[in-house]
Amino acid sequence: MIEVQRATPGDFLEIAALDRTAWKGNRNNAFIPDGEHVWRLWAEHALTFTARSAGRLLGAIVAFPCLDGRFCVHKVMVEPAERGQGVGSRLFERLLKELDARAEDAFLTVDPENKAALALYAKWGFDERSFVPGFYRAEEDRYVLLRRARF
């Protein structure tokens with residue numbers, strides 16, 4: 001059974017390790033994933049949720065508030081062997097429930113070539129889309145997707 005709950009500061013090392021593992025599948029995986037120091041802060045001060053089964057970390061999601069009043073859904077990640085089993089969906093359900101309860105809009109960025117992620121994000125209501133060429137580097141274009149809060 002998958003349990004989704006708020007992360008605690010004690011979860012940060014496990015989440016950072018998952019980040020390094022999950023990042024290997026990224027098209028631009030030569031660049032550094034988020035480090036332990038930032039996961040320590042997000043585990044305590046952002047909307048960070050973990051998915052576990054029998055105590056084992058299967059996935060995590062994080063969103064943090066931005067100065068423009070929206071939340072940035074920075075990362076959702078699932079252990080490679082657990083993908084396609086609904087873990088990411090459970091994480092999104094929990095996060096979006098919290099954002100809606102707070103009446104908060106959210107945005108995220110995604111690689112325009114990541115069709116699976118685009119389909120998933122559309123399913124979760126990220127339906128306003130802007131294309132930003134060279135978002136990170138000249139060769140790294142992104143879509144910025146926005147989801148309005150649902151009350």
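Here are a few friendly notes on the aromatic rings, the ring-facing charges and one glutamate.

1. This is a predicted model, so local features need pLDDT of at least 70 and side-chain atom pairs pLDDT 80 or more, while totals for chains, interfaces and linings use all residues. Residues are numbered from 1 along each chain as its sequence is written, and side-chain values use heavy atoms, without hydrogens and water.

2. Rings of Phe, Tyr and Trp (its six-membered ring) pair if their centres lie within 6.5 Å; planes under 30 degrees apart are stacked, over 60 edge-to-face, and the rest tilted. The count comes to eight aromatic pairs. W42 and F64 are stacked, at 5.5 Å centre to centre and 10° between the planes. W42 lies in helix α2 (residues 36-45) and F64 in strand β3 (residues 56-65), so the pair ties together parts 22 residues apart in sequence. Helices (H or I, at least four residues) and strands (E, at least two) are DSSP runs, numbered from the N terminus.

3. Y121 and F126 pair edge-to-face, with 6.2 Å between centres and 65° between planes. Both are buried (under 20% relative accessible area; exposed is over 50%, partly exposed in between; 1.4 Å probe, protein chains only). Ring pairs also link F92, Y121, W124 and F126 into a cluster.

4. Two arginines deserve a look. The charged end of R6 sits over the ring of F49, 5.6 Å from its centre (NZ of Lys or CZ of Arg within 6 Å of the ring centre and within 35 degrees of the ring normal). R129 does likewise over Y143, at 4.5 Å from the ring centre.

5. E14, in helix α1 (residues 12-23), is partly exposed at 36% relative accessibility. Beyond neighbours within four places in sequence, E14 is in contact (heavy atoms within 4.5 Å) with R52, G55 and L57.
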